[in-house]
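Dear colleague,

Please find the structure below, followed by a short account of what was found in it.

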Amino acid sequence: MFERVFTRIANKVAYAAGLPLTFLGCGLIVLAWAASGPVFGFSDTWQLVINTGTTIITFLMVFLIQNTQNRDGAAIQAKLDELIRVGRAQNHFIGIEHLTETEVEEIRRKCEEAAKKHDAKAKA
């Protein structure tokens, strides 16, 4: 249950964070804070308000955005795996996201070589 609630909240916050209106609102907050500087004498407390606010928001957004990206990546991977499974592609590509970076780079290199050979044959 917690996971569903968190996912729903994360999706809504991630969506809202990407809206132009959200960016505009945040820009207005920063402008209002900057304009209030002379009123508060550019004090340490005045600076601390914006520093604390942005730190807290950044800290929380990192986790929400990472959660959203993890789910999106897993969904895309599942879709690609299904396309590979039902298509004419080679099934040994399914699950390569769990390999090391070096192993994935080796597979990419082999795929690039195969593509170049295919292109050379097609031109001939």
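**Salt bridges and surface**

There are 5 salt bridges, a salt bridge being a side-chain nitrogen of Lys or Arg within 4 Å of a carboxyl oxygen of Asp or Glu. This is a predicted model, in which local features need pLDDT of at least 70 and side-chain atom pairs count only at pLDDT 80 or more, while totals for chains, interfaces and linings use all residues. Residues are numbered from 1 along each chain as its sequence is written, and side-chain values use heavy atoms, with hydrogens and water left out.

R109 pairs with E106, the closest N and O atoms being 2.3 Å apart. Both residues lie in helix α4 (residues 101–123), 3 residues apart; helices are DSSP runs of H or I with at least four residues, numbered from the N terminus. R109 is partly exposed at 35% relative accessibility, where partly exposed lies between buried (under 20% relative accessible area) and exposed (over 50%), with a 1.4 Å probe and protein chains only. E106 is also partly exposed, at 32%.

R109 also meets E113 in a salt bridge (2.3 Å, N to O). Because E113 and R109 are 4 residues apart in helix α4, about one helical turn separates them. Salt bridges that share partners join E105, R108 and E112 into one network.

In helix α3, T68 is buried, with a relative accessible area of 13%. T68 touches A10, N11 and A14, not counting residues up to four places away in sequence; here contact means heavy atoms within 4.5 Å.

Methods. Helix = DSSP H or I, 4+ residues; strand = E, 2+ residues; numbered from the N terminus.
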